[in-house]
Amino acid sequence: MLKLNNIYTSFAKGTVDEMKLFEDFNLTVNKGDFISIVGSNGSGKTTLLNLICGTLTPDSGSIVLKDKDITALPEYKRSRYIGRVFQDPKAGTCSELTVLENFALADNKNKCYALGRAINKKRIDYYKSLLAECNMGLEDRINTPIGSLSGGQRQAIALVLAGMTKVDLLILDEHTAALDPKAAETIMELTHRLVSEKGLTAVMVTHNLRFATDYGNRIIMMHGGRAILDKAGAEKDALQVTDLLGIFNEISIECGN
Amino acid sequence: MEILGSVEVFLEMGLIFSILAMGYYVSYTILDFPDLTVEGTYLTGAVVFGLFVANGLNPWLGLICAFVSGCIFGAVTGLLHVKLGIRPLLCGILVSTGLITVNLVGVTAGLAGDFKAETTSIISFGRDTATLQDAFLGDLIPIRLKSLGNIPLRMLVIFLVVAVVCKILLDLYLKTKNGLLLRATGNNQQFVKMLGVDPGRSKIIGLAIGNGFAAVSGALYTHTADGVNQSMGIGMVVIGLASLIIGTSLFGKVKFMAPTTKVMLGAIIYQACLVVVQKLGIPSAYNKLIMAVIFTLVLVLGFKAKRKNGGVKNAKA
Ligand SMILES: Nc1ncnc2c1ncn2[C@@H]1O[C@H](COP(=O)(O)OP(=O)(O)OP(=O)(O)O)[C@@H](O)[C@H]1O
Ligand SMILES: [Mg+2]
């Protein structure tokens with residue numbers, strides 16, 4: 001489904017600060033996978049997602065999505081196949097537009113943005129039904145500018161929007177990190193439902209080890225630009241939060257802390 | 001009666017500049033792009049229109065071509081910014097500087113013979129030149145309203161019609177998918193990318209519209225100047241921005257008023273202020289300074305209002 005082959009990525013190339021992050025990095029994501037990625041700060045999780053989404057291009061190596069080489073495809077063209085939710089709840093929606101206008105725009109994804117009427121009144125009930133599933137009372141606030149909603153509410157909408165049109169791959173970068181525990185729980189539950197109902201393939205970065213063990217069928221731990229742990233299926237199910245914590249400790253001892 | 005004359009003057013000016021200000025609403029408010037190109041495209045619009053009229057062609061066609069020419073050069077600014085990554089202010093300076101030559105060459109090419117680069121007036125409309133005044137509702141609207149102290153009326157009506165048509169078209173456009181996408185582009189480019197659209201394309205379209213409107217504004221202005229003047233474009237950024245900001249900060253709280261209406265009112269109010277200042281007997285050499293001072297005042301007031309609003313918003317979130 002998605003393949004990263006022999007990826008090399010470095011920052012500040014040619015300066016004294018040159019930092020090689022990925023060296024010959026490989027990853028295969030199978031169709032229907034729901035992968036949780038954990039790892040310490042600066043281990044390269046966001047960079048990995050940026051490579052997949054096209055925000056960054058690798059120095060060398062190739063990225064293949066559904067047998068199509070997308071290495072050189074700009075970010076906006078990859079969005080056709082990829083939905084993404086960011087850590088920052090402000091990033092996934094337009095704050096000055098109303099909830100309805102955000103929905104109308106996302107509903108038209110992958111179609112032409114021409115001179116037709118932006119808002120199709122017949123779709124409003126559908127949008128409301130999607131909002132009602134969030135259980136946040138958002139269905140009554142369809143004409144509110146997104147900017148006056150709370151972070152959790154915005155994130156819920158961002159998630160719904162990202163999954164509304166058909167995508168092959170859903171990318172989630174710490175999308176519950178800015179939320180309170182209750183809201184994080186709700187969003188995680190929504191994510192789970194979205195992924196399983198639509199049969200999506202998903203890659204989720206999280207610092208919440210319980211989410212990482214409870215959800216998904218595969219777990220990857222990153223460290224210094226390498227995947228130091230990659231477990232799927234039954235092996236993953238056997239993994240407990242305490243096991244992961246143990247590995248984290250081992251790494252930091254190795255690093256000399 | 002003299003008062004009526006002044007009212008007529010600032011209404012005419014206000015309507016002309018309301019179109020410029022609506023253009024600024026698109027590039028500055030919606031796209032967050034401080035566009036200096038208008039100083040050039042305003043004059044381009046005047047030149048294109050002037051050439052049509054001076055050559056006896058249909059002035060309405062001239063107005064449309066003025067709009068198109070503005071769009072083209074606005075798009076050039078957009079391309080410089082999007083494709084070459086040049087900063088907004090620099091793009092505007094580059095294109096408006098280049099346009100000085102384009103405008104002059106355009107006049108030389110379009111007007112056989114009687115153009116002299118050393119004078120500031122580059123096209124002058126003679127008595128028999130058929131401008132929009134003659135080509136539109138010529139018989140329906142009297143040129144002057146006799147009963148009200150000889151107030152010229154036809155020009156005012158024409159400016160009103162053009163401004164309102166521009167406003168309605170812009171309002172309609174902003175309700176389309178493309179228009180909504182434009183608003184999203186100014187707000188959150190990442191979101192636009194996730195819709196599978198290149199935000200750069202939206203920016204180019206927005207700048208084209210903004211400068212098209214500036215060009216129409218310049219074309220209308222030729223009516224009050226009886227021709228085209230080399231210095232016409234100077235100060236247009238200030239007029240456009242001031243009108244825009246006066247309108248949006250004065251009427252910011254009014255919910256059920258389209259932003260374009262606010263901007264139009266802002267342009268008229270700004271011109272009214274200028275007329276009042278002139279009536280106080282200040283020499284006309286101080287005009288531009290006064291414009292800048294009024295603008296500064298508005299900016300300060302506008303920022304205060306914005307901060308208040310921002311505070312409320314933050315408290316809610
Ligand atoms: N644009 C950049 N320029 C320079 N260095 C960068 C850049 N982006 C990332 N890096 C470096 O690459 C490394 C990995 O960063 P990345 O953001 O991928 O980490 P992460 O795993 O997402 O961390 P976190 O858990 O804190 O989000 C870091 O050391 C970071 O300093
Ligand atoms: Mg990160």
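1. In this predicted model, a polar side-chain atom of A:Asn41 lies 2.8 Å from an oxygen atom of ligand 1, a polar contact being a pair of N or O atoms within 3.5 Å (within protein, one must be able to donate a hydrogen and the other to accept it, and residues adjacent in sequence count only if both atoms are side-chain atoms). A:Lys45 also places a polar side-chain atom 2.6 Å from an oxygen atom of the ligand, and for A:Thr47 the distance from a side-chain N or O atom to a ligand oxygen is 2.5 Å. On its own, ligand 1 has 630 Å² of accessible area, of which the protein covers 60%; accessible areas come from the Shrake-Rupley method with a 1.4 Å probe, and for residues only the protein chains shown count as cover.

2. The shell around ligand 1 holds 13 residues, the closest being A:Asn41, A:Gly42, A:Lys45, A:Thr46 and A:Thr47, where a residue is near a molecule or strand if one of its heavy atoms lies within 4 Å of it. Of chain A, helix α1 (45-53) gives the most to this shell, with three residues; helices (H or I, at least four residues) and strands (E, at least two) are DSSP runs, numbered from the N terminus. By residue class, the shell divides into three nonpolar, eight polar and two charged, with Ala, Val, Leu, Ile, Met, Phe, Trp, Tyr, Cys and Pro counted as nonpolar, Asp, Glu, Lys and Arg as charged, and the others, Gly among them, as polar.

3. A note on conventions belongs here: residues are numbered from 1 along each chain as its sequence is written, while chains are lettered from A and ligands numbered from 1 in the order in which they are written. As this is a predicted model, local features need pLDDT of at least 70 and side-chain atom pairs count only at pLDDT 80 or more, whereas totals for chains, interfaces and linings use all residues; side-chain values use heavy atoms, with hydrogens and water left out.

4. In chain A, helix α4 (residues 124-132) has A:Ile124, A:Tyr127, A:Leu130 and A:Leu131 as its buried residues, buried meaning under 20% relative accessible area, exposed over 50%, and partly exposed in between (1.4 Å probe, protein chains only). Seen down the axis of α4(A), these residues fall within an arc of 120°, so they line one face of the helix; the arc is that of the directions from the helix axis to the C-beta atoms. They pack against α3 (99-107) and α5 (151-164) of chain A, contact meaning heavy atoms within 4.5 Å.

5. B:Ser243, in helix α10 (residues 236-250), is buried at 0% relative accessibility, and beyond its neighbours within four places in sequence it is in contact with B:Ala21, B:Val263, B:Gly266, B:Ala267 and B:Tyr270. B:Ser27, in helix α1 (residues 2-30) of chain B, is buried with a relative accessible area of 2%, and its contacts, with the same exclusion of neighbours within four places, are B:Asp32, B:Phe33, B:Asp35 and B:Leu207.

6. For chain B as a whole, the secondary structure comes to 12 helices and four strands, and buried residues make up 49% of its 317 residues. Of the contacts in chain B with a separation of 6 or more, 73% are between residues 24 or more positions apart.
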